[in-house]
Amino acid sequence: RNRYRMETKGYYAMSFYNTTDTMQTEKKAKALFPIQVMPTPRAISQSCGLALRFEGEDEAAYLEFARQQPVPLGLYRIEPDENGELRARAIFCREPS
C-alpha cells in the first residue's frame, strides 16, 4: 500500500498556535487516544505548523478533550471534497487571548 496515496477518508486534527502547546497537549492526548503528530494540513490556516491527528472517529470525545485544554487550539474534521481537495470543518476553536 502506498503511504503517499491520495487521502480518501477523513480524520480529525487539532492545531495549535505554538509548539509548546502542541507538545504538552500531545502528552495528554496520547494517554487517551491513538494520535500522531503531523504537519498541519493546508486546509487549516491558523497554526504553528504542527497538529495532532486523531486516528479514530469519536468526535464527541475529541471535542470534550479539546474543551478541557487550557491552551488556544482548534479541532477540525479534515475531509476531501468531491474533487479530492482536503477541506477543514471547524468543530471547536479557542483563540489566543
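This is a predicted model: local features need pLDDT of at least 70, side-chain atom pairs count only at pLDDT 80 or more; totals for chains, interfaces and linings use all residues.
Local features need pLDDT of at least 70, and side-chain atom pairs count only at pLDDT 80 or more, while totals for chains, interfaces and linings use all residues. Side-chain values use heavy atoms, with hydrogens and water left out, and residues are numbered from 1 along each chain as its sequence is written.

**Salt bridges**

- The whole structure holds six salt bridges (a side-chain nitrogen of Lys or Arg within 4 Å of a carboxyl oxygen of Asp or Glu).
- E59 pairs with R89, with the closest N and O atoms 3.3 Å apart.
- E59 sits in helix α2 (residues 59-68) and R89 in strand β5 (residues 86-94), so this pair ties together parts that are 30 residues apart in sequence.
- Helices (H or I, at least four residues) and strands (E, at least two) are DSSP runs, numbered from the N terminus.
- E59 is partly exposed at 25% relative accessibility, and R89 is partly exposed at 40%.
- Buried means under 20% relative accessible area, exposed over 50%, and partly exposed in between (1.4 Å probe, protein chains only).
- D81 and R87 form a salt bridge at 3.0 Å, N to O. R87 is partly exposed at 48% relative accessibility.
- E79 and R77 form a salt bridge at 3.4 Å, N to O. R77 is buried at 8% relative accessibility, whereas E79 is partly exposed at 37%.
- Salt bridges that share partners join E57, R77 and E79 into one network.

**Helix α1**

- The twelve residues of α1 should span 16 Å at 1.5 Å a residue, and the end C-alpha atoms are 16 Å apart, which agrees. The expected span is 1.5 Å times one less than the number of residues.
- Buried residues in α1 are D21, T22, T25, E26 and A29. They cover an arc of only 135 degrees around the axis, which puts them on the same side of α1. The arc is that of the directions from the helix axis to the C-beta atoms.
- The cover over these buried residues includes β1 (11-16), β2 (35-39), β3 (50-54) and α2. Contact means heavy atoms within 4.5 Å.
- N18 caps the N-terminal end of α1, where a side-chain oxygen lies 3.1 Å from the backbone nitrogen of T20.

**T25**

- T25 lies in α1 (residues 19-30) and is buried at 2% relative accessibility.
- The T25 side chain reaches the backbone oxygen of D21 at 2.8 Å.
- Not counting residues up to four places away in sequence, T25 touches M14, F16, L52, F65, Q69 and V71.

How values were computed:
A polar contact is a pair of N or O atoms within 3.5 Å; within protein, one must be able to donate a hydrogen and the other to accept it, and residues adjacent in sequence count only if both atoms are side-chain atoms.
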